[in-house]
Amino acid sequence: MRFKFSLSRWQFFAWVIGIVLITPLCFLLFESLQGDSEVFSHLWDTVLWDYTRNTLLLILGVGAVSCLIALPLGWLTAYCDFPGRRQFEWALMLPLAMPTYIIAYVYTDLFDYAGPVQITLRNWFDWQSPSDYWFFDIRTLPGAIMMIALVLYPYLYLIFKTALREQSFKLVQASQLMGLSPRQSFYKVSLPLARGAIVAGLALISMEAMADFATVNYFAVSTLTTAVYDTWLGYYSLTAAAKISAIMLLILFLALAMERYSRRNQAVFERQSGVNSETLYNLTGKSAWLATGFCCAVLFFAFALPVAVLIGYAISYADQAWNSAFFLYAWQSFKIAMIVSAITIVLSLFVVFYQRIAKQAYPLIPGRLASTGYALPGTVLAIAVLLPLSLFDDKLNIWLEPMGFSPGLLLSGTLFAIIFAYVVRFYAIAHGAVEASFMRISPSLDMASQSMGKSQGQTLRKVHIPLLRRGILTAALLVFIECMKELPAALLLRPFNFETLATHVFQYVSDEQLELASISALAIVVVGLVPLYFVNRSMEQRS
């Protein structure tokens, strides 16, 4: 009876967590099915199709450019030996620490008409006006695609490189014996075997690209994400914003379903133990330097140049950028990130531990329900969270009004809204890391603890948590960094006169004064480098 009571308790907590974290999505879908909205009808008849087309082009373009960058880089660092390969293996992940809107502003400042590049060209060739020459406009949809791809390609690079390392080298060597060149082997052997990994990377990139708000807003590219933002703050129509959000989710789920259906009859089976640490091709001469040059060029444009520009701004404008506001916003960002990290870790421990001790198939459901929030873009998430919180505030005020109390916006107008939104969005990160760590703990330890008379809770505290310390730290760091970088949800849900580092930087970017927030931008980048260091250490230990 003691075991059944304990299991019921964990089951109750797990299902409550799953239901609470999926509640915003349910409210969003319900709101999107409500009666016709005049604002939505107007958008449908005028610009909504253009917004949808731009969104699809953005997703496809970012995915294509990411493939052109990440797939060659993954193959080179996984299978080839060339000067600097070991350094490039981890350095090529550094752009993940760079928020897209920062890199977008840096390149706009460099390539704008009044920027140093065009000024230099006019001085060299004695051009007097824009009519004397042609120069590309970076603040367009293709420009937004390039900026976002430069930041997001490491997702695909890391996943694809890991998949290649885990493939059996014997298959590639067999293709060589059959007379295939390295390029032919890449197309006919490596790519088909890694298709699942490529799709996973592109799915992640697609979600992040569709969720991007700051870059497309700064480049004046109208997408469904900006439509949600403008509909809410411009027309004050939650119903119309919810309907647009539902279209975004429909696009995402249809894309994933179509890809899964396209490979329904395909399966790949490999026998492979460990991770390959040797290389197949030793590049020499021109090939070696071309490989090094390609890696250097990507790393320079995606990370080194923007960071160098930020450092230059920080030095030149140190007196204005280094002020009390920076410390206030840094503390507010740090406080929220720490709270969300702690909450997501605790919740994921409850849910994953329930999955471990329950033997039926359905214990996976609460974790899957709770993890769906990660697929919601920030603007969509803000709408989804605001719907139940504002309903609760309205009902509470109506109930307390006869008693002479009026608490106002108790949840939807406070920090609770931001914290709850972050927990909904980033719980999946903590769940994945904790679940992966739990899977490495032998079930025999649970049985040994039970034979010693320990309860389920004591087993979790005294056996599992000490063994999960590395996984918990990794999960907490990843959630912490995502909270520090999150912008759309913070913009839409923050209380009055409340700023985070991300919103502070974005406000100056919108006013084209990033120089005055350069130290804040560098702080976000530096904090983002921390999990990349731990990921690299983990990969080195695994190798």
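Before the tour, one term: a residue is called buried under 20% relative accessible area, exposed over 50% and partly exposed in between, using a 1.4 Å probe and protein chains only. Keep that handy, because Asn497 is exposed at a relative accessible area of 82%.

Okay, some housekeeping. What we have is a predicted model, where local features need pLDDT of at least 70 and side-chain atom pairs count only at pLDDT 80 or more, while totals for chains, interfaces and linings use all residues. Residues are numbered from 1 along each chain as its sequence is written, and side-chain values use heavy atoms, with hydrogens and water left out.

Now the overall picture. The protein chain has 25 helices and 2 strands. Those come from DSSP runs, H or I with at least four residues for helices and E with at least two for strands, numbered from the N terminus. The chain has 543 residues, and 53% of them count as buried. On to contacts, meaning heavy atoms within 4.5 Å. If you take the contacts in the protein chain with a separation of 6 or more, 83% of them are between residues 24 or more positions apart.

Let's begin at helix α1, residues 2-32, which includes Ser32. Ser32 counts as buried because its relative accessible area is 10%. Leaving out residues up to four places away in sequence, Ser32 touches Ala242, Lys243 and Ala246.

Next, Leu92. You'll find Leu92 in the loop between α4 (85-91) and α5. Is Leu92 buried or exposed? It's buried, because its relative accessibility is 0%. Again not counting residues up to four places away in sequence, Leu92 has a list of partners that includes Leu73, Thr77, Tyr153, Pro154 and Tyr157. Cys295, Val298 and Leu299 are also among the residues that Leu92 touches. Look at Cys295 in particular: Leu92 and Cys295 are 203 residues apart along the chain, yet their C-alpha atoms are separated by 7.6 Å.

In general, two packed helices are described by the angle between their axes and the distance between the axes. Here, α5 (residues 100-111) and α6 (residues 116-125) pack at about 15°, and their axes are 4 Å apart. So α5 is roughly parallel to α6. For the wording, angles under 35 degrees are roughly parallel, over 145 roughly antiparallel, 65 to 115 roughly perpendicular, and the rest oblique. The axes themselves are lines fitted to C-alpha atoms, for helices over the stretch in contact, with angles running from 0 to 180 degrees between N-to-C directions.

Which residues meet there? From α5 we have Asp109, Leu110 and Phe111, and from α6 we have Pro116, Val117 and Gln118. That contact splits into 4 nonpolar, 1 polar and 1 charged. The classes are: Ala, Val, Leu, Ile, Met, Phe, Trp, Tyr, Cys and Pro as nonpolar, Asp, Glu, Lys and Arg as charged, and the others, Gly among them, as polar.

Moving along to helix α10, residues 195-211. It has 17 residues and reaches 24 Å from its first C-alpha to its last, close to the 24 Å expected at 1.5 Å a residue. The expected span is 1.5 Å times one less than the number of residues. And α10 is mostly covered, with 13 of its 17 residues buried.

Then comes Thr231, in helix α12, residues 224-235. Thr231 is buried because its relative accessible area is 2%. Setting aside residues up to four places away in sequence, Thr231 touches Val39, Leu43, Tyr236, Ser237, Ala240, Ala241 and Ile244. With Ala241, which is 10 residues apart from Thr231 along the chain, the C-alpha separation is 5.7 Å.

What about cysteines? There are 0 disulfides in the structure, where a disulfide is a pair of cysteine sulfur atoms within 2.5 Å. Cys26 is partly exposed because its relative accessibility is 43%, whereas Cys483 is buried at 5%.

The phi of Asn497 is near 60°, a positive value in a residue other than glycine. Glu512, in the loop between α24 and α25, has a positive phi too, near 55°. Glu512 is partly exposed, with 42% relative accessibility.

Last stop is Ser520, in helix α25, residues 518-542. Ser520 is buried because its relative accessibility is 1%. Beyond residues up to four places away in sequence, Ser520 touches Phe326, Leu501, His504 and Val505.
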